[in-house]
Amino acid sequence: MKFVYTLIYLVSLYGFSQTPAEQFHNKSQEDIRLTKVSASKSTNQKSYKILALGDSYTIGESVCNTCRFPEQLKDSLNTSFRAQNPIKLKVIATTGWTTTNLINGITEQNLENNFDLVTLLIGVNNQYQNLNFSIYEKEFPELVKTAIKHGKGNKANLIVISIPDYAHTPFGKGNKIISEAIDKYNAFAEQYCILNNITFINITDITRKGLNNTELVASDKLHPSTKAYTQFVKRLLPWAKKKLEN
């Protein structure tokens, strides 16, 4: 009996000692907690759309479809956000495309302007085909403006990626003239992005390890490998997450 009386006392002490005001406060705190949980779930359920624009480096020449950097970036973002609705990816890129080809390719797609994130990597074929540099000076800004338009008209949704240096592959054989030309293209793109407050990510240094680390070069001895693209994504991911979260 003594145990029963003790139990009744504890229940009365802790279960019924709260004032109406205290009970209301605790209920309010619980409501706030549930609201936060609900908001978190709502964020995870949001569906994002990514647009990747470029050439062979975006399409992933000589690597599998899921190995190219846009696919790896999409998978990494899905993992980071634990998204219930998988991120949708649209790639507009073809091996050999110059800035002119990409402009035409985008036009033919009749795209919507509702992408949450856009990546742009273009210019290597302008250099490889020895096109006049003035073409890039004219068309790169045009492509940036087009990319922004399709990224909901917000330049904060755009990431411009530097051009890889194929001189540091068995195909390029360490040709310094190629590297100097790539530097010229990248310098123009980076300066344009700085002046216009656009995110520019440099990955060129990764590709310049290709002659010393052959695992960074694909089987065609020219393009980046899956491992190289993984390193690209490590640099892109923090910026991509930040842009989607905002």
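Me: When I look at strand S1, how many of its six residues are buried?

Reply: A residue is buried if its relative accessible area is under 20%, exposed if over 50%, and partly exposed in between, using a 1.4 Å probe and protein chains only. In S1, five of the six residues are buried, so this strand is largely enclosed by the rest of the structure. Please keep in mind that this is a predicted model, where local features need pLDDT of at least 70, side-chain atom pairs count only at pLDDT 80 or more, and totals for chains, interfaces and linings use all residues. Residues are numbered from 1 along each chain as its sequence is written, and side-chain values use heavy atoms, with hydrogens and water left out.

Me: How many helices and strands does the protein have?

Reply: Helices (H or I, at least four residues) and strands (E, at least two) are DSSP runs, numbered from the N terminus. This protein has 10 helices and five strands. Across its 246 residues, buried ones make up 42%.

Me: What is the order of the strands in the sheet?

Reply: Strands of a sheet pair through backbone hydrogen bonds, either parallel or antiparallel. Two strands count as paired if DSSP finds at least two bridges between them. Here the five strands form an open sheet in the order S2-S1-S3-S4-S5, and the pairing is parallel. Strands S2 (88–93) and S5 (199–201) are the edge strands, each pairing on one side only. From one strand to the next, the twist averages 20°.

Me: Which residues stand opposite Ile 50?

Reply: Ile 50 faces Leu 89 in S2 and Leu 117 in S3. S1 (residues 49–54) pairs with S2 in the parallel sense over six bridges, and Leu 51 stands opposite Lys 90 in S2. S1 also runs parallel to S3, joined to that strand by five bridges.

Me: Which strands does H10 touch where it packs on the sheet?

Reply: Touching is a matter of contact, which means heavy atoms within 4.5 Å. H10 touches S3 (117–121), S4 (158–161) and S5, and its direction makes about 165° with that of S4. For such angles, axes are lines fitted to C-alpha atoms, for helices over the stretch in contact, and values run from 0 to 180 degrees between N-to-C directions. As for contacts in the whole protein with a separation of 6 or more, 77% are between residues 24 or more positions apart.

Me: At what angle do helices H5 and H7 pack?

Reply: H5 (residues 99–109) and H7 (residues 133–150) pack at about 30°, with their axes 9 Å apart. That makes H5 roughly parallel to H7, because angles under 35 degrees count as roughly parallel, over 145 as roughly antiparallel, 65 to 115 as roughly perpendicular and the rest as oblique. Among the residues that meet are Leu 102, Ile 103 and Ile 106 in H5, and Ile 135, Tyr 136 and Leu 143 in H7. By class, this contact has six nonpolar, four polar and two charged residues. Ala, Val, Leu, Ile, Met, Phe, Trp, Tyr, Cys and Pro count as nonpolar, Asp, Glu, Lys and Arg as charged, and the others, Gly among them, as polar.

Me: Is the crossing of H7 and H8 left-handed or right-handed?

Reply: A crossing is left-handed if the near helix is turned anticlockwise from the far one by less than a right angle, and right-handed if clockwise. H7 passes H8 in a right-handed crossing, whereas the crossing of H5 and H7 is left-handed. The axes of H7 and H8 (residues 176–195) come within 11 Å and cross at roughly 40°, so these two helices are oblique to each other. Phe 140 and Val 144 are among the H7 residues in this contact, and Tyr 185 and Phe 188 are among those of H8. The contact has 10 nonpolar, no polar and three charged residues.

Me: What is the phi of Ser 62?

Reply: Ser 62 has a positive phi of about 70°, although it is not a glycine. Ser 62 lies in the loop between H3 (56–59) and H4 (69–81) and is partly exposed, with a relative accessible area of 33%. Asn 197 also has a positive phi, near 55°, in a residue other than glycine. This Asn 197 sits in the loop between H8 and S5 and counts as exposed at 60% relative accessibility.

Me: Where is Asn 246 found?

Reply: Asn 246 is in the segment after H10 (226–245). With 76% relative accessibility, Asn 246 counts as exposed. Asn 246 and Asn 157 are 89 residues apart in sequence and 9.3 Å apart in space, C-alpha to C-alpha.
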